[in-house]
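Reader: I'd like to learn how to read cavities, pockets and strand pairing in a model like this one. Can you walk me through it?

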Amino acid sequence: MAATAGGEPGEPSPEEFVYGEEDFVLQAAGWGDPGSAPSRFDRVLLAGWSDRMERGLFRYRLGALPTRVLPGAVRLVAQLNEQRSAERRPPQPVRSLRDPFDPAAFNFTRLRPAELLFRLRRAGGPEPLLVAINASPLERGHVLLLPEPARRLPQALTAPALRGALEAALLSAHPGFRVSFNGLGGGASVNHLHLHGLYLDRPLPLEEAPAEPLGPRLALLRAGPAPAFLFFAAGPAALEPVSRAVCRAAEHLGAAGLACNVLATRGDPPAGPGGGRGLRVLLWARRPLFGPKAGEPFAVALCELAGLLPLPAEPLYRDITEEQALSAIRQHLLPEPELLHLAAGALMARTAAGARS
């Protein structure tokens, strides 16, 4: 029995969603009809999410959102979501990359029982991920992936948490189900370990664009608004080493005073289309930002780095140009020469060694 995500006694715990490797969807549906054959995971998640929307458990009712592609080479997708901007919980103040968990601040042990959808647990595997609604959603099916919230861990990515999220990505048959992580100083709004899962109903250029090899399972991807390190998992067997490699890289970025964002999406091998799809895991290195920056048209976190711009006001949505959006995004990111310097140094050498293990 558990009344909250923290495991206090009370109402019944959410049901368990137990899965095995046979549940992984190695070939997702095509973009021609992305929702044509939902998996068991998709059906359970979306049914639970829609039920909570009907019961009024979200901060606002999410309907169709005005969307347009900005003219330009990058093809950024602008989306007007005024309700999220006005009604979401204000982000917690963050003072450093190593802020400890604060039990007095909002955290996910305080979620209402009805906000919890299910516990995602691999048969015979480690502790499950708790799947909960994101009460201020960006898209239909936007959920939180919570690794053992009762442990009250700060927002620092761990390899077991990332591996669980990558397995969730393989449980979905929808090509646009992505999992992501915003680090402290990189757009995280709650300092309690969590990742996001959400369905985006359009392909992204970074799914198939070729990348420059930097080492085993490591490349530099230049597609999209800003360059990112690219890791690739061809199948389930690669999830553990890739998770360790990504987290080792994130730890070294933190030691260098840099924040990070991570995105996992279905995609082609680093060389581009033709080699069989798997999971692309992208890691962006950035200068940390603590608190809002005056004059910014929008905050920059994972969605913006991936090319989706959830915008808070109609005039901004109507008038923003690709040049303005890219300028706002890139001011936070390391320029390519600095990324290549990282790749040539101990940071990426150790990462590549971890990916081989």
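**The enclosed space**

Author: Let's start inside: the largest cavity is lined by Val25, Leu26, Leu170, Ala233, Ala234, Gly235, Arg266, Arg277 and Gly278. Keep in mind that this is a predicted model.

Reader: How many cavities of 30 Å³ or more are there?

Author: A cavity is a spot where a 1.4 Å probe fits but cannot get out. Counted that way, there is 1 cavity of 30 Å³ or more. The volume of the largest cavity is about 50 Å³.

Reader: And how do the lining residues of the largest cavity divide by type?

Author: You get 5 nonpolar, 2 polar and 2 charged residues in that lining. Among the residues around the largest cavity are Arg266 and Arg277.

Reader: Now for pockets. How much space lies in the second largest pocket?

Author: About 390 Å³. Its lining has 21 residues, and Pro126, Glu127, Pro160, Ala161 and Gly164 are the ones nearest the centre of the second largest pocket.

Reader: Which elements give two or more residues to that lining?

Author: Strand E4 (116-122), helix H3 (159-171) and helix H4 (239-255) do. H3 gives the most to the lining of the second largest pocket, with 6 residues.

Reader: On to strands. Is E13 mostly covered or mostly open?

Author: For that you check how many residues fall under 20% relative accessible area, the cut-off for buried. Strand E13, residues 278-286, is mostly covered, with 9 of its 9 residues buried.

Reader: Which strands pair with E13?

Author: Strand E11 (residues 228-233) pairs with E13 in the antiparallel sense over 5 bridges, and Phe231 sits opposite Val281 there. Strand E12 (residues 259-267) also runs antiparallel to E13, joined to it by 9 bridges. In that pairing, Asn261 has Trp284 in E13 as its bridge partner.

Reader: What about E8: which of its residues point which way?

Author: Look at the two faces of the strand. From E8, Leu195, Gly197 and Tyr199 point one way, while His196 and Leu198 point the other way, and all are buried. So the tally for strand E8 (residues 195-199) is 5 of 5 residues under the 20% cut-off for buried.

Reader: What are the partners of His196 across the strands?

Author: Leu144 stands opposite His196 in E8, and His196 is also the bridge partner of Ser180. At strand level, E6 (residues 143-147) is joined to E8 by 3 bridges, and E7 (residues 177-182) by 4 bridges. Both E6 and E7 run antiparallel to E8.

Reader: Which residues does the UniProt domain annotation cover?

Author: The unreviewed UniProt entry carries the annotation "domain: GDPGP1-like N-terminal" for residues 40-197. In the model, that span is 22% helix and 21% strand, and its end C-alpha atoms lie 16 Å apart.

How values were computed
Residues are numbered from 1 along each chain as its sequence is written. This is a predicted model: local features need pLDDT of at least 70, side-chain atom pairs count only at pLDDT 80 or more; totals for chains, interfaces and linings use all residues. Side-chain values use heavy atoms; hydrogens and water are left out. On a 1 Å grid over the protein atoms alone, a cavity is a set of points where a 1.4 Å probe fits but cannot get out, and a pocket is an open set with protein on both sides within 12 Å along at least five of seven lines; lining residues have an atom within 4 Å of a point. Grid points are joined across faces, edges and corners, and a volume is the space filled by probe spheres set on the points. UniProt positions are given in the numbering used here, feature names are shortened, and annotations may be inferred rather than shown by experiment. Ala, Val, Leu, Ile, Met, Phe, Trp, Tyr, Cys and Pro count as nonpolar, Asp, Glu, Lys and Arg as charged, and the others, Gly among them, as polar. Buried means under 20% relative accessible area, exposed over 50%, partly exposed in between (1.4 Å probe, protein chains only). Two strands pair if DSSP finds at least two bridges between them.
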